[in-house]
Amino acid sequence: MMQPERFVHAEHDEADYLVSTARVSFNVSSTSTVVYDSIRSPYYKSIDFKIVISNRTRFKWCSYISAFVLLVIIALALLLNFLPHKHDSHEASNNHTVAVHQALEFFDAQKSGRYPENSPVDFRGDSGLDDGVSSSKPDGLVGGFYDSGNNIKFTFPTAYTITLLGWSVIEYHPKYADMNELDHVKDIIKWGTDYLLKVFVAPNSTSDRTIIYSQVGSVSNDSKAQNNDNCWQRPEDMRYTRPVSECDARASDLAGEVVAALSAASLVFKEDNNYSGELAKAVEKLFEQVTKLDPSEQGTYTLVDLCGGEARNFYNSSGFMDELIWAGSWLFFATGNASYLAYSTDAVRFQLARTEVASIDQGIFDWNNKFSATAVLLTRLLYFHDIGYPYEHVLRASSNMTEILMCSYLIEQHFNRTPGGLILLRPADGAPLQFAATASFLSKLYSDYLDLLGASYMSCIFANPGFSLEKLKAFSRGASIPWDGQFYSCTEGDRWLLSKGPNPNLLIGAMVAGPDKFDHFSDDREKPWFTEPTIASNAGLVAALIALHDYPGDVSVYNGKNIGIDQMSIFDRIPMASLAP
């Protein structure tokens, strides 16, 4: 009769009293006659548990099942290790991957023209295919973006939108790439630049006049006419006439923003030499036409012979010199031509641009005011590629202004805030979110500049002892008609305008105008001062989100710091030698 085998449980009892490990030996088929408890090690304590196997077959099956369960556990552990984790460090509260994707989809939904088949927005289609089409301009002004909930295309905010999106890519393209959104945002920018290339015509053999188209579509006072104002209609269903507003080189602000947009985009697409070169070459001609005019001939596009059309009711520009120095700065980065920097840093022009900023616009970066953003951009040049004389005076002035701007954001007595803490940069007006978004972008961008410089503290002229870098970082932290294949006429669209039901098409990434100064918000499509998004405001949202996104990768190739910003590529086209205008 086979004798039952005895197994022992052994515990390590190392001299250094480390945590011991337990081990049970299963020798199923052994016929050894060695008595295990006769083997003694000075490092073992053996305890006889007197385990007896009464049924060897059952014991084998139990062993097999245990081994199988163990393998399943190991496989599940490995699987969970390789699956995306919803709550790991990469998905912290400052991971804005989903938010950026959704905010970019808003621009996909606003596209006009021949709609791309691969668009993530499936309720949009071809629209505006007759915009600006004539015998002399067969491709017309097809393309671009509808401004907001209306079906009008405004050139001025479109150009601003492309400038801001382009700037965000130039600075934070490693973050976009980490999110797999770099191609997405570049596609949106190119959709805009392709359109902006159409909106101006340089002097040629048939005309010595520069033409800039400021608007496509109309809001008419004629209540009997079908137009954007009295038709609540999908752009795909538009059948009414869409007039075009035309300006010339005297519309300095409009031309300047177009120059800034295409110059910034030239850097975004610098790997495509042909397209990048086309953008830069085109706007060099436009900038020349605008800046050669006598100052008395320059002006805002809404005042030059009424060329702005109805844009004055929506985007009434208050000045033009801020756009011109903004344009010259971007054109300098795009070409390396020092004459453009000399234009922007001319003391007289710079001061004029500064005085043009109304008191209510101090500290604001939006479609109307580019002065604060220009100061930040020139501060970047001073910090990381200082080219010295004869530009140092304005570059240092820009640095001082940028510090004052950042301090003003942090001092609660300087700007009012809602009870919930939302900064009110223009408390007398609505739509506070657009201003807060660009303030967030500029402050986070500037804090990243300081981070790259190794600074941990920021002094303030009107605040003692100043602020830490961490505090600055802390500060910076319409789809209503169904797409069912049916045509809805101008009057039929009213059923959706007046409907109290939810929108049949949901566009999550559109940033609304925002609450009032008491944090009250009305989610009502008939109250656009609360609910209406625009391409200009959403550009600020995207820029803020990408700046605030926690970057998990390694960008030491760009700046030696793991913060997701490309420190030096913006200077690729600027020669290292001393620059003279």
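I call a residue buried when its relative accessible area is under 20%. I am working from a predicted model.

**Entry: an aromatic pair**

I searched the whole structure and got 26 aromatic pairs. I picked Phe-156 and Tyr-301, a tilted pair with 5.1 Å centre to centre and 50° between the planes. Where do Phe-156 and Tyr-301 lie? Phe-156 is in helix H3 (residues 155-178), and Tyr-301 is in the loop between helix H6 (273-291) and helix H7 (321-335), so the pair ties together parts 145 residues apart in sequence.

**Entry: a second pair**

I looked at Tyr-409 and Phe-415 next. Their ring centres are 6.4 Å apart and their planes meet at 40°, so this pair is tilted. Tyr-409 and Phe-415 are both buried.

**Entry: the core**

Which residues touch the most other members of the largest nonpolar core? I found Trp-167, Trp-330, Tyr-409 and Met-458, in a core of 138 residues. Leaving out residues up to four places away in sequence, I listed contacts of Met-458, among them Met-406, Cys-407, Tyr-446 and Phe-467. Trp-167 and Trp-330 also turned up in one aromatic cluster, including Tyr-160, Trp-326 and Phe-571.

**Entry: charges over rings**

I found Lys-111 over the face of Trp-191, 4.8 Å from the ring centre. Lys-190 lies over the face of Tyr-275, at 4.6 Å from the ring centre.

**Entry: Val-244**

I placed Val-244 in strand S7 (residues 244-247). Is Val-244 buried or partly exposed? Its relative accessible area is 33%, so Val-244 is partly exposed. Val-244 and Val-216 are 28 residues apart in sequence, but their C-alpha atoms are 4.7 Å apart in space.

Conventions: Residues numbered from 1 in each chain as written. Predicted model: local features only at pLDDT ≥ 70, side-chain atom pairs only at ≥ 80, totals over all residues. Heavy atoms only, no water. Core = buried A, V, L, I, M, F, W, Y, C linked by side-chain atoms within 4.5 Å. Buried < 20%, exposed > 50% of the residue type's maximum accessible area, 1.4 Å probe, protein only. Contact = heavy atoms within 4.5 Å. Helix = DSSP H or I, 4+ residues; strand = E, 2+ residues; numbered from the N terminus. Phe/Tyr/Trp six-rings, centres within 6.5 Å; stacked < 30°, edge-to-face > 60°. Lys NZ or Arg CZ within 6 Å of the ring centre and 35° of its normal.
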